[in-house]
Amino acid sequence: MRNVKILALLLLAALLAACAGGPPKRIFPPQASLQELRVQPDGQWAASIRIQNFSTVPMRFSSLDATLLVNGGEAARFTLDPGLSVGPGSNELVTHVFRPSDAARAAVDAALASRGSVRYALSGRIAASEPKTDHPFDYQSGLNPVPGLAGVLR
């Protein structure tokens, strides 16, 4: 009987030791893309930038250096300190207001007037302070006018 109790304790200890490590921690490059672009009354744009964390651990993003191209032409360059934590496999939004180039403004104005789409590319580097990472990113897609919301593309 005593041997059975010792064997049961050893088995329990082995099971607990196997669970102690938890899931593996994997760090994957994050991604940044545009969720929405709003043309402000003063001509500036408010860009809602989606920061995606594909890692299995939370990340605290500390720097986003990006170039935004609209229809192939440079709209703006910016450096942000998002200062936000994004959970594993999740995303968060950060808003940046800026004055676009004249060519980009004309392309978006034409898309809004014709209810057509506009292509964009967002590329640069995104860094996290916890865990310490710094990765390049490049994202290309399109934006379309939102019905019923003047000056908004998604």
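Is Tyr139 buried, partly exposed or exposed? In this predicted model, Tyr139 is partly exposed, at a relative accessible area of 27%. The views below visit that residue and the other aromatic rings that pair up.

**View 1. Aromatic pairs in the model number 3.** One of them brings together Trp45 and Phe98 in an edge-to-face arrangement, with 5.9 Å from centre to centre and 75 degrees between the planes. That angle counts as edge-to-face because it is over 60 degrees. Here the pair joins distant parts of the chain, 53 residues apart: Trp45 belongs to strand S2 (residues 45–53), and Phe98 to strand S6 (residues 90–98).

**View 2. Trp45 and Phe98 are both buried.** Take a look at the surroundings of each side chain in turn. Trp45 has 0% relative accessibility, so it counts as buried. Phe98 has a relative accessible area of 6% and is buried because that value is under 20%.

**View 3. Tyr120 and Tyr139 form a tilted pair.** Their ring centres lie 6.3 Å apart, and the planes meet at 35 degrees, so the pair is tilted. Tyr120 counts as buried at 4% relative accessibility, whereas Tyr139, at 27%, is partly exposed.

**View 4. Trp45, Phe78 and Phe98 make up a cluster.** Ring pairs connect these residues. Trp45 and Phe98, the edge-to-face partners, are among them.

Key
Residues numbered from 1 in each chain as written. Predicted model: local features only at pLDDT ≥ 70, side-chain atom pairs only at ≥ 80, totals over all residues. Heavy atoms only, no water. Phe/Tyr/Trp six-rings, centres within 6.5 Å; stacked < 30°, edge-to-face > 60°. Helix = DSSP H or I, 4+ residues; strand = E, 2+ residues; numbered from the N terminus. Buried < 20%, exposed > 50% of the residue type's maximum accessible area, 1.4 Å probe, protein only.
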